[in-house]
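Student: I have a structure to go through before I set anything up. Can we walk through it together?

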Amino acid sequence: MQRRFGDYCLDTATRQLVHGTSEVRLSPKAVDLLQFLLDNRPRALSKAELHHHLWPDTFVTDAALTVLVAELRDVLSDSAAAPSLIRTVRRFGYAFCGEVSENMQAPAVSRTCWIIWNSREFPLHEGENIIGRDPGASVQLDFPSVSRRHARIVVSSSDATVEDLGSKNGTVLRNDRITGTARLADLDELEVGSARLVVRILRAGAKTQTLGLVTR
């Protein structure tokens, strides 16, 4: 889905913010905040609700949220004193107050993606797929070593990427702990807490390969 407001457009599938024809760089948490505000507009979101969504397994101070809001306002050229997009609700939280148009059409995905763990298969859909203990996660792993919202895989027509969501035990791709967003390839191995996952990404018409997997 593409959401347009002013001269900006947020693509929720690729997690890209565009101003005119140029991509605007935002931190992953700032993208999360912008998308959450857009999802709930024009409702005012309390600081407690925002903290729970952005840092579900971690205690952070209100300063962390203030920094994210300031990052968004700086990128969007919005003013705290006279906001046109992000409104401060005094002693409560924040709300998105701008006019938004949505484009529901999304490019067709020319690939099939799924996760294999312990002989189970978890299909991945276009857009955001959460890995974690959360019962609503696309890949639900009920282990103490796995955070509630541990990592995120985003599938688009062009690629699939993985990003750790500030988990306690980290996410490992190709034996390296990831710190940002990393592109995935077919047969990549992901370690999420104590769970070892295999990523399958196949283009339409491609033949699958039998895997001999050792999982834990």
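**Contacts and packing**

Student: What share of the contacts with a separation of 6 or more comes from residues 24 or more positions apart?
Tutor: Those pairs account for 45% of such contacts in the protein. Keep in mind that this is a predicted model.

Student: How many helices and strands are there?
Tutor: The protein has three helices and 19 strands.

Student: And what percentage of the residues is buried?
Tutor: Of the 216 residues in the protein, 46% are buried.

Student: What about accessible surface?
Tutor: The total is about 11,400 Å², and carbon and sulfur atoms hold 49% of that.

Student: Back to helices. At what angle do α2 and α3 pack?
Tutor: Helix α2, residues 47-54, packs against helix α3, residues 62-76, at about 85°, and their axes are 11 Å apart. Angles of 65 to 115 degrees count as roughly perpendicular, so α2 is roughly perpendicular to α3.

Student: Which residues make that contact?
Tutor: From α2, Lys-47, Leu-50, His-51 and Leu-54; from α3, Asp-62, Leu-65 and Leu-68. By class, the contact of α2 with α3 contains four nonpolar residues, one polar and two charged.

Student: New topic: where does Asp-32 lie?
Tutor: Asp-32 is part of helix α1, which covers residues 28-40.

Student: Buried or exposed? I mean Asp-32.
Tutor: The relative accessible area of Asp-32 is 10%. The cut-off for buried is under 20%, so Asp-32 counts as buried.

Student: Which residues does Asp-32 touch, leaving out those up to four places away in sequence?
Tutor: Asp-32 is in contact with Arg-15, His-53, Leu-54 and Arg-152. Leu-54 also belongs to the α2 side of the contact with α3.

Notes. Residues are numbered from 1 along each chain as its sequence is written. This is a predicted model: local features need pLDDT of at least 70, side-chain atom pairs count only at pLDDT 80 or more; totals for chains, interfaces and linings use all residues. Side-chain values use heavy atoms; hydrogens and water are left out. Helices (H or I, at least four residues) and strands (E, at least two) are DSSP runs, numbered from the N terminus. Buried means under 20% relative accessible area, exposed over 50%, partly exposed in between (1.4 Å probe, protein chains only). Contact means heavy atoms within 4.5 Å. Accessible areas come from the Shrake-Rupley method with a 1.4 Å probe; for residues, only the protein chains shown count as cover. Axes are lines fitted to C-alpha atoms, for helices over the stretch in contact, and angles run from 0 to 180 degrees between N-to-C directions. Angles under 35 degrees count as roughly parallel, over 145 as roughly antiparallel, 65 to 115 as roughly perpendicular and the rest as oblique. Ala, Val, Leu, Ile, Met, Phe, Trp, Tyr, Cys and Pro count as nonpolar, Asp, Glu, Lys and Arg as charged, and the others, Gly among them, as polar.
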